[in-house]
Amino acid sequence: MIVLGWIVIGIIASRLYKTRLEKPVIWKLIVVLLVGFFTFSVNLNVFGQVVQISILPLGVWILYALLSKNKATWQKYRPFAWLGFMANYILLIFLLVGILVNHLLYPGNNLSTYISNVEDAYIINTHPTANESSLIKGNLIASLQGAKQQDYFSNSWYNETLIGPNKTTERFPYMLANTIPKWGSGLRTTIYLEKNGKGILITTQEKQFYFQTENSLLEEAE
């Protein structure tokens, strides 16, 4: 989406250029546009992503200080200086649309966003307390589709793993490997399975998500 934003900025700059009776020098126009892009901004968190809101047109002020001594020059490049400032808002609009579309296509509370293909999936024991188990592949997809997101860091887990008598117990002794996230999501995940085979802990680059299935995904080896 950001690329589309820059394309729109380029189109506006091109039309501005064509409407000028006295044509600006192309490379100077580009420099003015980029300097005008420089602003004082504040950060806001939108759907878990930090976006910048431009407040003060610092680049435009700098250009005015440098070019206003020659009024003809300033008049020639002023629209492009302001276009550089407005480019921040054009890119912001495309960024917000991108975040919204991404949120709709890849909802964070849906397990299928993180696991959409388990055809070649397998488990790896990551802790000595893990049993010799394997995935129940027969109804794996159906079990995953019915998974519900829940809070994972409960008081009972803290007591169990850190201060309880069985503090050497690992709640997630298995890693679910070789799964594929939803196409186009670009997600990189590490997935752990709970000891009972019903809990799934998804770790992405930014945060963690915990899901529970109704039935266990594991069967112990005989």
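## About the model

Residues are numbered from 1 along each chain as its sequence is written, and side-chain values use heavy atoms, leaving out hydrogens and water. Because the model is predicted, local features need pLDDT of at least 70 and side-chain atom pairs count only at pLDDT 80 or more, while totals for chains, interfaces and linings use all residues.

## A helix with a buried side

Let's start with α2, which covers residues 26-36. Helices here are DSSP runs of H or I with at least four residues, strands are runs of E with at least two, and both are numbered from the N terminus. Which residues of α2 are buried? They are L29, V32, L33 and G36. These residues lie on the same side of α2, because they cover an arc of only 100 degrees around the axis; the arc is that of the directions from the helix axis to the C-beta atoms. An α-helix has 3.6 residues a turn, so residues three or four places apart point the same way.

Buried means under 20% relative accessible area, exposed means over 50%, and partly exposed is in between (1.4 Å probe, protein chains only). The cover over the buried residues of α2 includes α1, α3 (58-67) and α4; contact means heavy atoms within 4.5 Å. On the face turned away from the buried side, you will find the exposed residues W27 and L34.

## Two salt bridges

Side chains of opposite charge can pair when their charged atoms come close. A salt bridge is a side-chain nitrogen of Lys or Arg within 4 Å of a carboxyl oxygen of Asp or Glu, and the count by this rule is two. One joins E22 and K76, with the closest N and O atoms 3.4 Å apart. This pair links distant parts of the chain, 54 residues apart: E22 is in the loop between α1 and α2, and K76 is in helix α4. E22 counts as exposed because its relative accessibility is 52%, whereas K76, at 17%, counts as buried.

The other joins E194 and R171, with the closest N and O atoms 2.7 Å apart. E194 sits in the loop between β7 (190-193) and β8 (199-203). Are E194 and R171 buried or exposed? Both are buried.

## A nonpolar patch

Finally, look at the surface: M1, V3, L4, I7, I11, I93, V97, V101 and L105 form a nonpolar patch with about 790 Å² of accessible area together. Helices α1 (2-19) and α4 (71-105) each supply at least two of its residues. M1 lies in the segment before α1 and counts as partly exposed, because its relative accessibility is 42%. Patches are made of residues with over 30% relative accessible area and no salt bridge, with like charges joined within 9 Å and nonpolar side chains (Val, Leu, Ile, Met, Phe, Trp, Tyr) within 5 Å. Accessible areas come from the Shrake-Rupley method with a 1.4 Å probe, and for residues only the protein chains shown count as cover.
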